[in-house]
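Biologist: I'd like to learn how to read charges, rings and strands in a model. Please take me through an example.

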Amino acid sequence: MRLIFSILIGLFAYPYLQADEYNIPPSIRFTIDREGSSPPLVYYFTSPDYADKTYPILVLCEGSTSKGDLRSVCWFREYFSEKIRPLQVGYLTVEQWGIDGNQIDENEFWRHYTRSQRLDDHLQVIHHLKDYPPAGWNGQLIFIGVSEGGPLVTDLSILCSNTLATINWVGAGDQSWADELWQFFEHWKENSFWMRLYDAVPRWLPFSSDLPPTRQEYDTLVQEIIANPNPDLRFGGMTYLYHADAFQKSPIDYSKIRAPFLVVEGTEDSTIDSCDQFVQKALAAGAPITYFRIQGMDHWLRKRPDIIDQSFKWLEEILQTGESTLLIGQENNG
């Protein structure tokens, strides 16, 4: 049962299939030294096929992972590379701590894996690019993130004044991680055979779920996790360290979203209410938001290649004209 529960968390956070091995050309792999004896920060950068003019750099931010699912960010590059190349932009992915292509140190990964660390790693690479700009880069950045990568690209677009555009796929939310995670559990209880089966399993059995049965007990656990951010303890397939970091995320300053920002969310996703609140608050703050609110879509964006195509068409308009023909705040039901 615990295995099934961990798989469910993985589905929520990691909505794409992955390959096992990657052929990484040395020409796209770059490193930045970290402090002390830590392994270097690795990132992968590819310039446009025909760099006859200056170009922006598109930063891809992948979803999260859970125990047993560790992979290089190269899967995310490969999944979208054919969509990106015609845009004639540079594109970049930042490797996760403890992973270097096909080399994975699980202990190193889990002792450093938090949302804040992922944000710090991306900012370090961006600062490095500013100090050592690739030939032809015009200084502008585009951010695309999915699931956990959604909050990451929101933060990056706020912190980077040179943001040209942002696409946030199934990852824009105004509610806290504690609230979103609980709503995910409740959603699966209502809609999943396996989670309904959980409720029929006596809690005293050794293979019962680690999910607290009531919101009060869950809130107590949240506070215990915050007080003890231990990377060796787990809840729902993720470490206490990861959750404690995410539980304490600061509110979003929507007034600092200045560049065109596309939000994509499905009405069958457990986070739809949180996403609706994100859009409402962002628009109230004057942010240039376009909202693709897709009827019947869940968290698995890859099942809707038409929506992915529409997202890249939106980005292509930004690249060509500097703006989108879609109205700010327009809802698109797919």
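**Charges over rings**

Modeller: Arg34 lies over the face of Trp97, 3.7 Å from the ring centre. To count as sitting over a ring, NZ of Lys or CZ of Arg must be within 6 Å of the ring centre and within 35 degrees of the ring normal. Trp110 has a charge over its ring too: the charged end of Arg234, at 4.2 Å from the centre.

Biologist: What should I know about the model itself?

Modeller: It's a predicted model, where local features need pLDDT of at least 70 and side-chain atom pairs count only at pLDDT 80 or more, while totals for chains, interfaces and linings use all residues. Residues are numbered from 1 along each chain as its sequence is written, and side-chain values use heavy atoms, leaving out hydrogens and water.

Biologist: How many aromatic pairs does the structure hold?

Modeller: In general, you describe a ring pair by the distance of the centres and the angle of the planes. Here, rings of Phe, Tyr and Trp (its six-membered ring) pair if their centres lie within 6.5 Å; planes under 30 degrees apart are stacked, over 60 edge-to-face, the rest tilted. That gives 19 aromatic pairs. One of them is Phe76 with Phe80, edge-to-face at 5.2 Å centre to centre and 80° between the planes. Both sit in helix H2 (residues 74–84), 4 residues apart, about one turn of the helix. Helices (H or I, at least four residues) and strands (E, at least two) are DSSP runs, numbered from the N terminus.

Biologist: Is Phe80 buried or exposed?

Modeller: Buried, at 1% relative accessibility. The cut-offs on relative accessible area are under 20% for buried and over 50% for exposed, with partly exposed in between (1.4 Å probe, protein chains only). Phe76 is buried as well, at 0%.

Biologist: Why is the pair of Trp177 and Tyr242 edge-to-face?

Modeller: Because its planes are at 80°, with the ring centres 6.5 Å apart. Trp177 is in helix H6 (residues 177–191) and Tyr242 in helix H9 (residues 240–247), so the pair ties together parts 65 residues apart in sequence.

Biologist: Now strands. Which way do the side chains of S12 point?

Modeller: In a regular strand, side chains alternate between the two faces of the sheet. From S12, Ile289, Tyr291 and Arg293 point one way, and Thr290, Phe292 and Ile294 the other; all are buried. Strand S11 (residues 261–266) pairs with S12 in the parallel sense over 6 bridges; pairing takes at least two bridges found by DSSP. Leu262, for instance, has Thr290 as its bridge partner in S12.
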